[in-house]
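Subject: A structure for you to explore

Hi there,

Here is the structure I promised to pass on to you. Have a look at it first, and then read my notes below.

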Amino acid sequence: MRRFVSRETTGGALLIGAAVVALLFANSPWRDAYTTLTETVVGPAALHLDLSLAAWAADGLLAVFFFVVGVELKHEFVAGSLRSPKEAGVPILAAVGGMAVPAILYSVIVVGLGDPGALHGWAIPTATDIAFAVGVLAVFGKGLPVAIRTFLLTLAVVDDLLAITVIAVFYTESINLLFLALALLGVVLFGWQVRSRTPRWWLLVPLFLVTWALMHASGVHATVAGVLMGFTVAARPMYDEPEPRTHRYESAVKPWSQGLALPVFAFFAAGVNLVDGGGVAEILGQPVVLAITVGLVVGKVLGVLGMTALVTRVTPLRLAQGIGVRDLLPVAFLAGIGFTVALLVAELSFGHGSEHTDGAKAAILLASVVAAVLGALTLRWDARQARSADMNLDGQDDAVTDFIGDEKDRPAR
């Protein structure tokens with residue numbers, strides 16, 4: 001069951017299923033029950049933990065997801081695709097372009113359409129959902145070089161890192177320095193325990209919860225605590241262990257992240273009421289809807305392809321062996337699948353249940369579906385095209401032996 005839930009395709013399917021259930025519930029005759037459920041407050045007032053169920057899903061359960069992201073980032077920086085700046089340079093800069101262009105397009109559109117009050121949501125179309133994007137690639141990218149998935153993973157991981165930075169910097173209104181210091185102390189204690197010779201789960205779990213609560217009380221978004229604690233996990237083998245602890249903790253926590261945390265968050269975040277008020281036409285007619293849709297579907301493609309073309313022409317950096325420029329078109333479309341982090345940023349930008357929030361969520365769902373379909377179609381088109389001996393145009397024949405969907409590729413997924 002753990003292996004099944006940990007697959008990218010399974011994680012994406014669970015997310016889609018939870019979002020569909022939320023949309024049906026929020027627009028059914030029992031939609032008032034959905035609203036009541038999401039707004040039900042539970043938890044003690046101490047440390048500001050009297051939160052609605054929707055807030056618990058966004059602030060609490062997503063900390064588990066961001067812990068896994070932190071562990072993955074740590075491994076990539078120390079022993080993975082990001083350890084060599086020369087090899088990772090193109091996808092890293094492509095990720096920057098893929099965030100900057102959607103943010104610019106969003107800002108221009110909302111101002112041009114007369115809704116400057118929506119500018120606070122500029123970061124919504126900058127996010128990429130790793131689980132969805134890699135899941136679509138795993139299903140429709142069979143036969144393409146594995147290097148394409150590495151490029152997408154690197155781009156998405158850097159995208160997540162930048163999104164976390166944006167959340168920490170731009171969506172923190174006030175900071176309680178005492179609680180922040182105590183939260184950082186909790187991160188240090190967690191790191192000490194997780195790097196000890198025999199880490200104890202019954203110490204790690206309470207440390208995680210206390211550190212999360214202190215980070216939440218400090219005013220910094222609590223999911224940042226998950227990332228910081230993920231960074232403390234060792235990415236190289238310790239004490240003669242056969243594998244790095246990043247692999248061990250990712251395999252232990254990822255099933256809970258993909259099988260529980262993300263679907264529950266999607267259920268509480270994706271329920272947009274399209275029936276009441278002005279209905280579908282009024283919600284989809286908001287400038288924020290067009291801005292987010294254009295940002296994710298068009299902006300990501302322009303940002304990723306434009307930055308890659310610029311970098312490979314004016315710098316010594318080159319694409320990895322086996323990857324051509326045409327392979328980046330489906331990758332750029334897949335980068336437009338926003339979903340998880342985009343829904344979180346929408347909540348942080350406009351608040352839960354506001355008019356802009358409903359429009360933003362509807363746009364994220366619509367744009368993510370469009371981007372996924374375009375990504376799937378272009379992947380199949382790319383897989384049917386003949387490949388040259390030097391796809392990355394570096395003057396040397398590519399040595400490509402691993403392809404997505406091969407038997408030896410499956411354990412890596």
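Predicted model: local features only at pLDDT ≥ 70, side-chain atom pairs only at ≥ 80, totals over all residues.

**Helices α4 and α10**

How are α4 and α10 oriented to each other? The axes of α4 (residues 53-79) and α10 (residues 223-231) cross at roughly 30°, and α4 and α10 are therefore roughly parallel to each other. Their axes come within 7 Å, and the crossing is right-handed. On the α4 side, the contact is made by Ala-58, Asp-59, Leu-62, Ala-63, Phe-66, Phe-67, Gly-70, Val-71, Leu-73 and Lys-74. From α10 come Thr-223, Gly-226, Val-227, Met-229, Gly-230 and Phe-231. Sorted by class, this contact of α4 with α10 has ten nonpolar, four polar and two charged residues.

**Helices α4 and α9**

Helix α4 also meets α9, and here the axes come within 12 Å and cross at roughly 125°. That angle makes α4 oblique to α9. The crossing of α4 past α9 is right-handed. Trp-56, Asp-59, Gly-60, Ala-63, Val-64 and Phe-67 of α4 make the contact with Phe-208, Trp-212 and His-216 of α9. By class, there are six nonpolar, two polar and one charged residues in the contact of α4 with α9.

**A look inside α9: Thr-211**

While you are at α9 (residues 201-218), find Thr-211, which sits in this helix. Is Thr-211 buried or exposed? Its relative accessibility is 1%, so Thr-211 counts as buried. The side chain of Thr-211 reaches the backbone oxygen of Leu-207 at 2.7 Å. Leaving aside residues up to four places away in sequence, Thr-211 touches Ala-183, Gly-186, Val-187, Ala-225 and Met-229. You have met Met-229 already, as one of the α10 residues in the contact with α4.

**Helices α13 and α14**

Helix α13 contributes Val-297, Lys-300, Val-301, Val-304, Leu-305 and Thr-308 to the contact, while α14 contributes Leu-328, Leu-329, Ala-332, Phe-333 and Ala-335. These residues of the contact of α13 with α14 divide into nine nonpolar, one polar and one charged.

Two more residues are worth a look. Ser-368 lies in helix α16. With a relative accessible area of 5%, Ser-368 is buried. A polar atom of the Ser-368 side chain lies 2.7 Å from the backbone oxygen of Ile-364. Not counting residues up to four places away in sequence, Ser-368 touches Gly-336, Ile-337, Gly-338 and Phe-339.

Where is Val-400? Val-400 lies in the segment after α16 (355-384). Val-400 counts as partly exposed because its relative accessibility is 28%.

Enjoy exploring, and write to me with any questions.

Best wishes

Key
Residues numbered from 1 in each chain as written. Heavy atoms only, no water. Contact = heavy atoms within 4.5 Å. Helix = DSSP H or I, 4+ residues; strand = E, 2+ residues; numbered from the N terminus. Nonpolar A, V, L, I, M, F, W, Y, C, P; charged D, E, K, R; others polar. Buried < 20%, exposed > 50% of the residue type's maximum accessible area, 1.4 Å probe, protein only. Polar contact = N/O pair within 3.5 Å; in protein donor to acceptor, adjacent residues only side chain to side chain. Axes fitted to C-alpha atoms, helices over the stretch in contact; angles between N-to-C directions. Parallel < 35°, antiparallel > 145°, perpendicular 65-115°, else oblique. Left-handed = near helix turned anticlockwise from the far one by under 90°.
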